[in-house]
Amino acid sequence: MARLASPDTETAAKTPATRRRGELSNLQFALVVTVPVLVFLVLVIAYPLGYALNLSFHDIRFFGGYSATWVGLENYADVLSDERFWNGFLLTVRFTVETVLLTLGIGMALALVVRDLPPRWRWLRALIILPWAVSPYGAGIFFAYLGRGQTGVGTALANALGFDTSINFITQDLVVEFLALGAAWNMAPLVAFFLLANMLTTPPRLYDLAKLDRMSRFETFLYVTLPPLRFTLFVFTCIITVLSIKTFDYIFTATQGGPGSASSVLTYVLYRTSFQNLDLGYGAAMSFYLLALILISTGIIFFTWGRREARR
Amino acid sequence: MTKTRGGFSRGFTRRSFMATGSAALLGSTALGSGLFSGGLAYAQDFDLMATSGEPVYFRGWQFRTDVVQSNVDAYNERMNGNVDYATVTGDYPSLMETTLIANGDLDVLYANPSSAVRYMGGGWVMPAAELPNGQEIADSMYDNIREAWSVNGQLLGLSYFVSVRGTLLANLQRLDEAGFGDNPLPTTWDQLYETIYALHEAGVETPFLPHWFAEWFGISWGFLFEVMNRGGQVADAETHQPMMTVDGPAGATLEAWKRLWNSGLVPEEVLSYNEAAYIDAFRSGRYVFSPQQIYDIKTFNDPAQSADVAGHISLLPGTEQSWGLIDSAMYLMTSRDRPDALTDDVMRFTSWYGYKDENGDFAVANRWLEENMLFSAYRPVMESDAAREAIQSSVARPEDYDTVLEVYARTPYPKGVWNVVWSEEFNVWLREKLFSFLQDDLPVAEVIEEANAEITRLNERYGI
Amino acid sequence: MTRSRITIWLVLAIAVALIWTFLPMYWTVKFAFMTKPEISRFPPLLFPPDPNLASFFNIFGSDYTLADGTVVPASGQARQIILGLRNSLIVSVVVTAVTIFVVTPLSYVFARMEFPAKGKLLAAVLLSVSLPPVSTLIPFYVLYVQLDLVGTLFGLIIITLTITIPIVAWVMIGFFRNMPPIEQLGRIDGFSRLYIFTRIMVPMARSGIMVASVIAFLFAWNEYVYAQVLVTGSTAVTLPAAMSGFLFQAPEPGHLAASIFLSVLPPFVIAFFLQKHIAEMNFV
């Protein structure tokens, strides 16, 4: 990732004389601050991960006496022919792609709106960040009430305008899009915030130059506003991708994976397998596919986009 | 069963039970007649005072936690107890199962019978039969309920409540408005569906809120009770072999569902409701009929909670067939690793809370009946005058009292799919399959065939 | 910064942004000011017809008498809500402090130094963010039972750190990368690495560290998946876990709305103060 700032290598090489006695080398200093964290993370994460790995090679049964039978890779093979897994997989991909696009798009729009505020109105900037303070759990509740025909804003407005109808977004066809919109509501302010911070560092004279060049608003955005934001956009594409694939509590409170299994994303399928059916071996195998999905997605984003950005 | 648990109960019997030997003798005579709870001070089988000082972890789902808390406080105060009560929220059965697997801090918990059977299969439960007064407790229950709550003749838990889920409620006001006020209420599922379509013809947009919501006790239970109400069985009560047929009640149920779904009368969002949303939807007065908990008749007829429908919610008579199924819950004791003295306290608390208090009163059960119209498995509780008053004050019309008892008495219990170790697994499978049946328009015959095959598969997996 | 004029388009855009921001919150939070029958009315009401504060009293364990004399009873969850508020604050503050203490030097090192195996070490830290909680829940639970950490704040803090450390590191590394190469000057002046870091870099990175703290705080404050399994039904219950009691089994939308409203207040306050630092931040 970061090859941009490496002033220290040169400095350290050039000025060995200034190094004090007992001074740490780069590597030593790095190890001192990194190793404890890594050890902590490894200890806390590796155990459950190893445990899950072990489970995934077994068929675990709790009833009629506990038993764990070694089945090798059978669980992994079974997952691949599991319809529910593939259904969940497709829903996860759909939800994630939509959430990332919506979050970045809306985040950008919000940032542009609050960038141009005159000083007396700047306090509005604080308001647009507020949805980000809501937990995914709370956001799920908000969007459940908002989207249902029974309690939703659509129905209320339609009836206020004299239409005797109910407008429901929690349907098999729309629910994933609706949930993605809710997730974007929750996360876009964070993106907006960082984009805004970056926009404010773009020198105003660039905009003056753009004006002299008679650029259209869109061109200004494309050639002046956007370029410095690209690395931020890359980082948040990664973060939002990971968060979206991992999402569980938001969907749990919003739809319980429904209606039917229309929003039973991979995490939800996993939850049902491991928690409700207690099929721990199979669930563990499935969770490694989920982990793989996360790693591959971020890997793809990094290799197709991130490396270029890092080199700039 | 773990060997430690056997040790615990022996320890209990040896020390506490024998120490209070004389009292126990007296208690067992009282038990013989079961009637000595009046003027005489009630002789306990065993002393209900807690002694270990260790906390007893009592967990339940969130229902009237204020009432539970005050009951627990009363026990702690009067019986020197150290009961730690809290609610466990979210996906209750799964969370409990996780705690049990991990041998977590949990001594007494709420459980539906299907979960209880499963926990028993996992070896995590100390059955109520192991209480010193276990036989007495079993004897004071209604036979059908004791049977539903027993595995191999062992009673698993003590009575929290016994209710009917799927009691068909009717909004009389909406019926009147639609011009159906003078028609007799439907008495069978087929009549009900006819009335629903007739209501729709008459301009009622959403005549029916079906039991199709997303909770683990939602759509799958809706299927179970409709099949049973139509006189069928999903699986055999003893052998657990599948019993659904396309021409039988199971087929009729699915055909009726398919027609209802395809008619578009049911908003799709119902399939994603939790129970709160389900209750609020009926409470809004938008729907005319809906299968609900029998005790929620009280909720719906209470103006403070349900102003829009209060006083108008009646129920369909059980003259020709049953409605719904027995939805019940017990207080279960766990068999986790803990000191013997603590196990003794667990038993004391459970007996006090789930059966009779130190004065020989069904204090907790009576309170539930009064406050929330929660019925009990104990005959003496249900056959009291207090019970009659409690029910009468909660219904819309005087004659509904008899209907409530009638519906209650006829309600079936799906022993074939609940009193078996795979009950929860089948429940999750069925829930998903039924949603898919509606949304993906699967053929009735295919679903029934698959459901039977799934039961067979589970039987094989667990060697049943 | 192009124009600072208020045009009709700007006003419109602001209006849309505000509706987008507040409508979803308003739609549920309004329940906190309504009675049960009003909440369940169909078609749903746009505004509370007769706002009352009953829910706010109820969730803290007091009955409330409405204007018409109806008594709205206190919630039995009150004890857990109060406990949850306290615990959530403790967990979030501790997690934030530890995260910042650990991640600031870590990010500095990764952003501004070259050393062998840097890429691999960085990957190890960042990849732990990819671990989905659902797949490690049961193993975690088993481990925690063995260590006797279930239902303890300490246990929850440990597990929450595994979420905040990687995410905050991800953001902070970007921040340090964008800072001017000031330490060269410091090194030439002969300051030690530690001195440069604590006396020069940290003060310069103040606003970045504040933002990172807010991120850590919010992730800790909003964590539900682990809390649901590890601390529900214990004295270490956190606010989201305590709140979830209003959602299932028995409907209490008013209480739920009131407790969500409460739960967003602390982050709101923090986020509000944060925006003052926005201009100083040259992030990611």
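Predicted model: local features only at pLDDT ≥ 70, side-chain atom pairs only at ≥ 80, totals over all residues.
Two residues count as in contact here if their C-beta atoms, placed from the backbone, lie within 7 Å. Residues are numbered from 1 along each chain as its sequence is written, while chains are lettered from A and ligands numbered from 1 in the order in which they are written.

**Chain B against chain A**
- Here 28 residues of chain B are in contact with 22 residues of chain A.
- On the chain B side, two or more residues each come from α4 (92–101), α5 (113–121), α12 (275–283) and α20 (423–439) of chain B; helices are DSSP runs (H or I, at least four residues), numbered from the N terminus.
- α20(B) gives the most to that side, with eight residues.
- By class, the chain B side has eleven nonpolar, nine polar and eight charged residues (Ala, Val, Leu, Ile, Met, Phe, Trp, Tyr, Cys and Pro are nonpolar; Asp, Glu, Lys and Arg are charged; the others, Gly among them, are polar).

**Chain A against chain C**
- Here 90 residues of chain A are in contact with 86 residues of chain C.
- Helix α2 (residues 26–56) of chain A brings the largest share of the chain A side, 16 residues.
- That side has 61 nonpolar, 22 polar and seven charged residues.

**Inside chain C**
- The domain assignment, whose bounds come from an automatic or database source, gives domain 1 (8–72) and domain 2 (78–280) of chain C.
- Their contact takes 13 residues from domain 1 of chain C and eleven from domain 2 of chain C.
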